[in-house]
Amino acid sequence: MSLDREPPNYFGAGPAVLPTTVLQQAAVDLLNYADQGIGIGEISHRSKPAIQVIDDTKAALKQLMAIPDNYEVFFMQGGGTTGFSSIAYNLAGHYATEHGAKGRAAYAVTGSWSKKSAEEAARLGLDVDVVVNTKEDKFATIPPYSQWKPLAKDTAYLYVCDNETVNGTEFPDVPPADYLPEGCVLVADTSSNILSKKVDVSKYGVIMAGAQKNIGLAGLTIYIVRKDLLTYDDAKVKAAGLPLVPIAFKWDTVVANNSAYNTIPIFTCHILKLVTEKLIAEGGVEAVEARNQQKAQSLYSALEAYPNFYKLPVADPKVRSKMNVVFTLPSAELEAKFLKEAGDHGLTGLKGHRSVGGMRASLYNAVTLDSVNKLVAFVTKFAEENQ
């Protein structure tokens, strides 16, 4: 069986396309890793080779994101949905540990994923304040911070989803520090745009990302957490009337065991290592961001050239996602025809999320400019022939 493949023109939202060279190396390593005689997925998660994979992946992330020394980088099983629970448990527990009381949790609901994260925090027993909710606008905008509700003084954290994969919005900047009360932690879910652009990590207390949307395989979640947020006292958490975090997702325990308290999916971590090392070799996040801006601008311009045919639900260009471009056509019949003919041209993964319909082109890091150019040409040709 050959390890070669035709360059894919795949625009799926996740799991997403990965660089062919990464998968080719991973395929070899899955059979025999570093001349161990067994594959990377077969070695003990606490063996020296596995620990080296974890350490190398952490080092690559620290280099790419310029992560300050007062932050921990670690990995846990699961994806963004697991992260919803993990963040709520750990930060509520940290607040109770430090203040001897139950704090509040604030959420900016700007799309499907932030909505689910807020619902999960409430389900777990936290007192949740929704400071902005764009559901009535079909999650097609992000209002100015001046229109958000004020935060209570006892707010433990503010949670934002930096890029909404389903709805195609992306924060153009960071919520200002003066919006947050003293001690309030800013949390960002960056599952679908991590390593797609430069980020000032120091402005956040927690950055979480499921790997499978932009830089890896499903099954692994990246956490970047300020070290002072790792304090957690079971007795104080119980006294505050909060549920205890399950031990496998207790951040201080995971950090103390270098992400290997339980069996980390080491093959998935290895994929992340290969991807991050490739990004470093290609010029780092600055180079990636420049390519991503070019890809997004090219596709948005092509869609905007036919305003009576392609509709962009996110009207404000400032908050349009550079990772997930969503659009609709005049009818369901035309959308079905678009998908069929796009597939005939080798352009796949373009169907919108089932909850919103329409089209969605995910322009993740591994999607090449050549693929986007082919999609742009098809978008133009289809409009000319069908409008």
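Which residue with a positive phi follows α3? The answer is Gly100, with phi near 65°. This is a predicted model, in which local features need pLDDT of at least 70 and side-chain atom pairs count only at pLDDT 80 or more, while totals for chains, interfaces and linings use all residues. Residues are numbered from 1 along each chain as its sequence is written, and side-chain values use heavy atoms, with hydrogens and water left out.

**Sheet**
- Seven strands form an open sheet with mixed pairing, in the order β2-β10-β9-β8-β5-β3-β4; strands (E, at least two residues) and helices (H or I, at least four) are DSSP runs numbered from the N terminus, and two strands pair if DSSP finds at least two bridges between them.
- The edges are β2 (71-77) and β4 (127-133), each with a single partner strand, so one side of each has no neighbour in the sheet.
- On average, neighbouring strands of this sheet are turned by 20° against each other, direction ignored.
- Strands β9 (residues 206-210) and β10 (residues 220-226) run antiparallel and are joined by five bridges; Gly210 stands opposite Thr221 in β10.

**Helices on the sheet**
- Helix α2 (residues 48-65) lies across β2 and β10 and runs at about 130° to β2; angles run from 0 to 180 degrees between N-to-C directions, with axes fitted to C-alpha atoms, for helices over the stretch in contact.
- Helix α3 (residues 80-99) packs on the sheet, touching β2, β3 (104-109), β5 (155-161), β8 (185-189), β9 and β10, and its direction makes about 160° with that of β5.
- Of the 20 residues of α3, 16 are buried (under 20% relative accessible area, with exposed over 50% and partly exposed in between, 1.4 Å probe, protein chains only).

**Nonpolar cores**
- The largest nonpolar core has 55 residues, and those touching the most other members are Phe75, Val131, Trp148, Leu158, Leu195, Ile224 and Ile266; a core is a set of buried Ala, Val, Leu, Ile, Met, Phe, Trp, Tyr and Cys residues joined through side-chain atoms within 4.5 Å.
- Helix α7 (residues 266-281) gives this core its largest share, seven residues.
- Beyond four places in sequence, the contacts (heavy atoms within 4.5 Å) of Ile224 include Met65, Tyr71, Val201 and Ile207.
- A second, separate core of 40 residues includes Val109, Ala118, Cys161 and Val187.

**Backbone in loops**
- The peptide bond from Gly14 to Pro15 is cis, with omega near 0°; Pro15 lies in the loop between β1 (9-10) and α1 (20-31).
- Lys138, in the loop between β4 and β5, has a positive phi of about 60° although it is not a glycine, and counts as exposed at 72% relative accessibility.
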